[in-house]
Amino acid sequence: MGITKTDLFTDEQNAIAQMAKVLGHPARVAILQFLVKSNTCINGDLVQELGLAQATVSQHLRELKEVGFIQGTIEGVSVCYCINPAKWAEFSQLFGTFFENYFIAQKSNCC
């Protein structure tokens, strides 16, 4: 596998790419949608909601947590996850600006 030359790109481009990569699996999108809807959850709820194995859900949660989309607390044998508001705001701002720039620059239909 080749080495990604992230230093060739801006911090914003790298951040958007990293966030998009994490969202590149429908299970992680479903997890985020569930967390947004419920505002908190326990890992077991996600296993029942998604119909995936515990180990699979845990792997997806780990990837979402590594990029900062979610945060969690350990309460006994349960882990409670929720949306990380700061990262969610950053995500919203970065992608909002990314998509808005098209409409700002669009003067005519190119095709």
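## Helix 2 against helix 3

In this predicted model, the axes of helix 2 (residues 26-38) and helix 3 (residues 43-50) come within 11 Å and cross at roughly 120 degrees. Since angles of 65 to 115 degrees count as roughly perpendicular and those over 145 as roughly antiparallel, helix 2 and helix 3 are therefore oblique to each other. The crossing in which helix 2 passes helix 3 is right-handed.

On the side of helix 2, the contact is made by Ala-27, Ala-30, Ile-31 and Phe-34, and on the side of helix 3 by Asp-45, Leu-46, Glu-49 and Leu-50. Sorted by class, the residues in this contact of helix 2 with helix 3 comprise six nonpolar and two charged ones, with no polar residue.

## Order of elements

The protein has five helices and three strands, and, read from the N terminus, these elements follow the order α-α-β-α-α-β-β-α.

## Overall dimensions and burial

The radius of gyration of the protein is 17 Å, whereas a compact globule of 111 residues would have a value near 13 Å. Taken along the principal axes, the box filled by the C-alpha atoms is roughly 55 × 35 × 25 Å.

Of the 111 residues in the protein, 28% are buried. When contacts between residues at least 6 apart in sequence are considered, 50% of them join residues at least 24 apart.

Technical notes: Residues are numbered from 1 along each chain as its sequence is written. This is a predicted model: local features need pLDDT of at least 70, side-chain atom pairs count only at pLDDT 80 or more; totals for chains, interfaces and linings use all residues. Side-chain values use heavy atoms; hydrogens and water are left out. Axes are lines fitted to C-alpha atoms, for helices over the stretch in contact, and angles run from 0 to 180 degrees between N-to-C directions. Helices (H or I, at least four residues) and strands (E, at least two) are DSSP runs, numbered from the N terminus. Angles under 35 degrees count as roughly parallel, over 145 as roughly antiparallel, 65 to 115 as roughly perpendicular and the rest as oblique. A crossing is left-handed if the near helix is turned anticlockwise from the far one by less than a right angle, and right-handed if clockwise. Contact means heavy atoms within 4.5 Å. Ala, Val, Leu, Ile, Met, Phe, Trp, Tyr, Cys and Pro count as nonpolar, Asp, Glu, Lys and Arg as charged, and the others, Gly among them, as polar. The radius of gyration is taken over C-alpha atoms; the globule rule is 2.2 Å times the number of residues to the power 0.38. Buried means under 20% relative accessible area, exposed over 50%, partly exposed in between (1.4 Å probe, protein chains only).
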